[in-house]
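Thanks for making time for this one.

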Amino acid sequence: MVENEKPNVLRAARLSIAPMMDWTDRHCRYLHRLMSGETLLYTEMVTAPALVRGGAVHLLDYNPEEHPVALQLGGSDPEELAAASRLGAAAGYDEINLNVGCPSDRVQSGTFGAVLMKTPDLVADCVAAMAEASPVEVTVKCRIGVDDQEPRDVLPAFLEKIRAAGVTRITIHARKAWLKGLSPKENRDIPPLDYALVHEMKTAFADMHISINGGIATLEEAEQHLAAGLDGVMIGRAAYHNPSDILLGADRRIYGVDRETDAETVAHSMLPYIERHLSAGGKLNQVTRHMMGLFAGRPGARAWRRTLSERATRPGAGPELVEEALGHVSGAAAA
Ligand SMILES: Cc1cc2nc3c(=O)[nH]c(=O)nc-3n(C[C@H](O)[C@H](O)[C@H](O)COP(=O)(O)O)c2cc1C
């Protein structure tokens with residue numbers, strides 16, 4: 001992106017890469033941005049208490065190349081969320097998103113995440129306070145319901161409440177969260193997906209920008225949801241594990257922008273970034289752990305992964321290890 005140019009976030013939101021704790025950190029986002037110039041990237045969830053009470057503003061650090069990039073916040077106190085949104089917008093994020101979908105215990109104990117599906121009035125108060133405080137758009141990421149809620153009743157009621165509070169863009173993870181009895185991981189797989197309900201919400205709330213999320217594994221599937229009328233698609237795990245399949249074709253197929261690169265070029269482009277990270281005191285593995293899937297499904301992919309996973313944590317490991325690992329994929333392609 002040209003410096004100082006404001007990104008068109010609405011356009012970018014046709015395809016977004018989901019917020020994923022421990023995964024979509026700044027190194028991962030830098031990698032993803034090299035692979036697609038257009039997609040909207042999300043941070044991991046940052047909790048409002050950590051920012052506002054804990055003063056952990058370093059959690060807002062990111063690379064300027066990442067734009068357009070959205071900050072996801074967790075919390076349930078309107079004033080605290082407003083203060084956190086102010087910090088996020090001042091740090092330069094292009095959007096502030098409220099997490100109403102995350103079912104983990106730790107998050108439940110602080111009354112954030114999916115449990116908020118049960119208190120739409122509180123969510124409305126939160127987003128209204130956030131929007132008041134933030135010069136950039138405030139959005140929501142939610143589930144279709146939790147526990148014994150009936151999604152066909154609660155989801156429209158939830159959307160109405162947050163729309164009345166000023167939110168016009170939402171991402172819906174098309175499955176319930178079961179707050180008792182399932183681990184966060186199980187909660188991403190076991191509750192059944194209901195894509196039809198999300199499509200119905202677009203018909204019922206035509207003025208809202210609605211993105212669908214959950215189990216979307218290919219650009220073809222993303223294109224089908226868009227062709228069927230949804231405004232955006234959010235992809236999480238598939239983009240992380242298989243970034244080349246999702247991100248390398250995204251600019252052309254989703255945005256009609258002719259800007260394609262390939263996995264080798266991307267890996268080479270990571271080298272100066274890695275050098276900078278190491279000279280700032282960082283470790284190689286902190287960056288390369290996000291690069292494991294770059295060559296997924298290609299000859300040499302296993303040797304690429306093995307080289308990095310076995311040796312990137314060793315003291316003194318540097319960019320030459322990435323070059324060595326690349327030799328396995330390039331060599332395999334030539335063989
Ligand atoms: C490791 C991991 C961490 C996640 N952390 C968050 C998070 O911080 N905030 C959030 O809203 N969702 C989080 N999610 C859920 C994803 O954003 C997404 O909704 C979910 O994985 C379904 O999309 P997918 O099937 O495309 O992966 C996480 C998912 C994974 C796999």
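This is a predicted model: local features need pLDDT of at least 70, side-chain atom pairs count only at pLDDT 80 or more; totals for chains, interfaces and linings use all residues.

Staying with H4, its buried residues are Pro78, Leu81, Ala82, Ala84, Ser85, Leu87, Gly88 and Ala89. An α-helix has 3.6 residues a turn, so residues three or four places apart point the same way. As for what covers the buried residues of H4, the list includes helix H3 (48-52), strand S3 (69-74), strand S4 (95-100), helix H6 (120-133) and strand S5 (137-143). Just after H4 comes Gly92, which takes a positive phi of about 105 degrees.

In the loop between H3 and S3 we find Pro68, and the peptide bond that joins His67 to Pro68 is cis, with omega at about -5 degrees. Two residues other than glycine also deserve a look for their positive phi: Asp22, near 70 degrees, and Asp147, near 50 degrees. Asp22 sits in the loop between strand S1 (15-17) and helix H2, and it counts as exposed because 8 other C-beta atoms lie within 10 Å. Asp147, in the loop between S5 and helix H7 (151-164), is partly exposed, with 14 other C-beta atoms within 10 Å.

One further loop residue is Ala217, placed between strand S7 (209-213) and helix H9 (219-227); with 15 other C-beta atoms within 10 Å, Ala217 is partly exposed.

Now to the ligand. Which residues come nearest to the ligand? Of the 22 residues around it, they are Ala18, Met20, Met45, Gly236 and Arg237. The elements that give two or more residues to this shell are strand S2 (40-47) and helix H10 (237-241), and by class the shell has 10 nonpolar, eight polar and four charged residues.

Turning to the domains, the protein is divided into domain 1 (9-255) and domain 2 (263-334), whose C-alpha centres lie 29 Å apart. Where they meet, 11 residues of domain 1 are in contact with 12 residues of domain 2. On the domain 1 side, the elements that give two or more residues are helix H2 (26-35), H10 and helix H11 (243-247), and the largest share, six residues, comes from H2. By class, that side has seven nonpolar, four polar and no charged residues. H10, then, contributes both to the shell around the ligand and to the side of domain 1 that touches domain 2.

Finally, the protein as a whole. Its secondary structure comes to 16 helices and eight strands, and its C-alpha atoms fill a box of roughly 60 × 45 × 45 Å along the principal axes. For 335 residues, a compact globule would have a radius of gyration near 20 Å, and the protein's 20 Å agrees with that. Of those 335 residues, 46% count as buried, and among the contacts with a separation of 6 or more, 71% come from residues 24 or more positions apart.

Terms used. Residues are numbered from 1 along each chain as its sequence is written. Helices (H or I, at least four residues) and strands (E, at least two) are DSSP runs, numbered from the N terminus. The radius of gyration is taken over C-alpha atoms; the globule rule is 2.2 Å times the number of residues to the power 0.38. A residue is buried if 20 or more other C-beta atoms lie within 10 Å of its own, exposed if 12 or fewer, and partly exposed in between; C-beta atoms are placed from the backbone. Two residues are in contact if their C-beta atoms, placed from the backbone, lie within 7 Å. A residue is near a molecule or strand if its C-beta atom, placed from the backbone, lies within 6 Å of it. Ala, Val, Leu, Ile, Met, Phe, Trp, Tyr, Cys and Pro count as nonpolar, Asp, Glu, Lys and Arg as charged, and the others, Gly among them, as polar. Domain bounds come from an automatic or database domain assignment.
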